[in-house]
Amino acid sequence: MDTPKKSPPNIMASYKRYLKLQCNFSPNTVEAYLSDVSKLMSYLAAEGLTATEARLPHLQHFAASLHDLGIGAASQCRILSGVRSFYRFLQMEGVVADDPTELLESPQTGRHLPDVLSTEEIDRMEAAVDLSKWEGHRNRAIIEVLFSCGLRVSELTGLRLSDIYPTEGYLRILGKGRKERLVPISASALAEMDLWFAVRRQMNIQRGEEDYVFLNRRGSHLTRTMILIIVKQLALEAGIRKTVSPHTLRHSFATALLEGGADLRAIQAMLGHESIGTTEIYTHIDTSTLRREILNHHPRNIRQTET
């Protein structure tokens, strides 16, 4: 193996710049990738190795150690994905001659079909909002925008007034990797936002927060945690027993589109998925609906009534 050109600390600093500037990842994503590599570095250090000295067996033992620590399969896959990204970077920079992760396998996680909400359940959540409170119209608008536009919670918290094009009926969304996309917004969602804006105009908004759409009582933009609390509380008050999060509304948006006949590629574009494979999970949800229809209506499956 060639002599490493950089010491490990410099490698990490270079990798961080690569994630930020070339990959254009968000700060949260950059920190997640660096955390994954730090786990590997700590493991290798205990074995008396550096990242440039590691071979496939060492990485396989590292992967096994994640399981031994009780880390779930999905989290193991995410960590190993970060490790692969790091070694691709090292090879690209000429720090290592070969990528030792090429044959590194991830654990099987199976395919998780997410919970979805029906339109009736969404309506119940909105009906549970107490409009006598100042935040009532804000919370209704949050539910309607999440369900009507399929936004990620980070996209909702970062939504700005300058991103709304009501005449054209679109939102400009800055998604993962800081990639922009245009997402159609329904008339009902725009109407709910207008009701919230009437309240918002009366607020004392903090400097630098003026362009954010959704604000807390102190005039600052809402956090991801606050959105989660709002959604969970409304689901509870609506009597919904499913595990509900902001992401549930995104799943519900995609599933409703697919069941309504929307093209999978169009759904991929609206969700901002990099790969069609990520979007294809919704075909499994729709397939379950199709199976139910076949069982209910195909002549070979209809039970013969007794005469």
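Leu222 sits in the loop between helix 8 and helix 9 (224–237). The model shown here is predicted. Its protein chain has 13 helices and three strands, and of its 307 residues 41% count as buried. Among the contacts in the chain with a separation of 6 or more, 57% are between residues 24 or more positions apart.

- In sequence, Leu222 and Leu156 are 66 residues apart, while their C-alpha atoms are 9.0 Å apart in space.
- Neighbours within four places in sequence aside, Leu222 is in contact with Arg138, Ile142, Thr157, Phe214, Leu215, Asn216, Ile227 and Ile230.

**Helix 6 and its packing on helix 8**

- Two packed helices are described by the angle between their axes and the distance between those axes.
- For helix 6 (residues 136–149) and helix 8 (residues 187–200), the angle is about 155° and the axes are 8 Å apart.
- Helix 6 and helix 8 are therefore roughly antiparallel to each other, because angles over 145 degrees count as such.
- The crossing in which helix 6 passes helix 8 is left-handed.
- On the side of helix 6, the contact is made by His137, Arg138, Arg140, Ala141, Glu144, Val145 and Ser148.
- On the side of helix 8, the contact is made by Ser188, Ala189, Glu192, Met193, Leu195, Trp196 and Val199.
- Sorted by type, the residues of this contact between helix 6 and helix 8 are seven nonpolar, three polar and four charged.
- An α-helix has 3.6 residues a turn, so residues three or four places apart point the same way.
- Helix 6 has 14 residues, and the distance from its first C-alpha to its last is 20 Å, close to the 20 Å expected at 1.5 Å a residue.
- Helix 6 is mostly covered, with 14 of its 14 residues buried.

**Helix 2 and its packing on helix 3**

- The axes of helix 2 (residues 27–46) and helix 3 (residues 56–68) cross at roughly 110° and come within 11 Å.
- That angle makes helix 2 roughly perpendicular to helix 3, because 65 to 115 degrees is the range for this class.
- Helix 2 passes helix 3 in a crossing that is right-handed.
- Helix 2 contributes Lys39, Leu40, Tyr43 and Leu44 to the contact, and helix 3 contributes His58, Leu59, His61, Phe62 and Ser65.
- By type, the residues of the contact of helix 2 with helix 3 are five nonpolar, three polar and one charged.

**Helix 4 and Gln76**

- Helix 4 (residues 73–92) has 20 residues, which should span 28 Å at 1.5 Å a residue; its end C-alpha atoms are 28 Å apart, so the two values agree.
- The buried residues in helix 4 include Ile79, Leu80, Val83, Phe86, Phe89 and Leu90, and also Arg84 and Ser85.
- Gln76 lies in helix 4.
- With a relative accessible area of 6%, Gln76 is buried.
- Gln76 and Ala63 are 13 residues apart along the chain, and their C-alpha atoms are separated by 7.4 Å.
- Not counting residues up to four places away in sequence, Gln76 touches Ala63, Leu66, His67, Ile71 and Pro107.

- Leu257 has its place in helix 10 (residues 246–259).
- The relative accessible area of Leu257 is 25%, which means that Leu257 is partly exposed.
- Leu257 and Ile267 are 10 residues apart along the chain, with 7.3 Å between their C-alpha atoms.
- Apart from its neighbours within four places in sequence, Leu257 is in contact with Ala262, Ile267 and Met270.
- Asn24 lies in the loop between helix 1 (8–22) and helix 2.
- Although Asn24 is not a glycine, it has a positive phi of about 60°.
- Asn24 is partly exposed, with a relative accessible area of 30%.

Technical notes: Residues are numbered from 1 along each chain as its sequence is written. This is a predicted model: local features need pLDDT of at least 70, side-chain atom pairs count only at pLDDT 80 or more; totals for chains, interfaces and linings use all residues. Side-chain values use heavy atoms; hydrogens and water are left out. Axes are lines fitted to C-alpha atoms, for helices over the stretch in contact, and angles run from 0 to 180 degrees between N-to-C directions. Helices (H or I, at least four residues) and strands (E, at least two) are DSSP runs, numbered from the N terminus. Angles under 35 degrees count as roughly parallel, over 145 as roughly antiparallel, 65 to 115 as roughly perpendicular and the rest as oblique. A crossing is left-handed if the near helix is turned anticlockwise from the far one by less than a right angle, and right-handed if clockwise. Contact means heavy atoms within 4.5 Å. Ala, Val, Leu, Ile, Met, Phe, Trp, Tyr, Cys and Pro count as nonpolar, Asp, Glu, Lys and Arg as charged, and the others, Gly among them, as polar. The expected span of a helix is 1.5 Å times one less than its number of residues. Buried means under 20% relative accessible area, exposed over 50%, partly exposed in between (1.4 Å probe, protein chains only).
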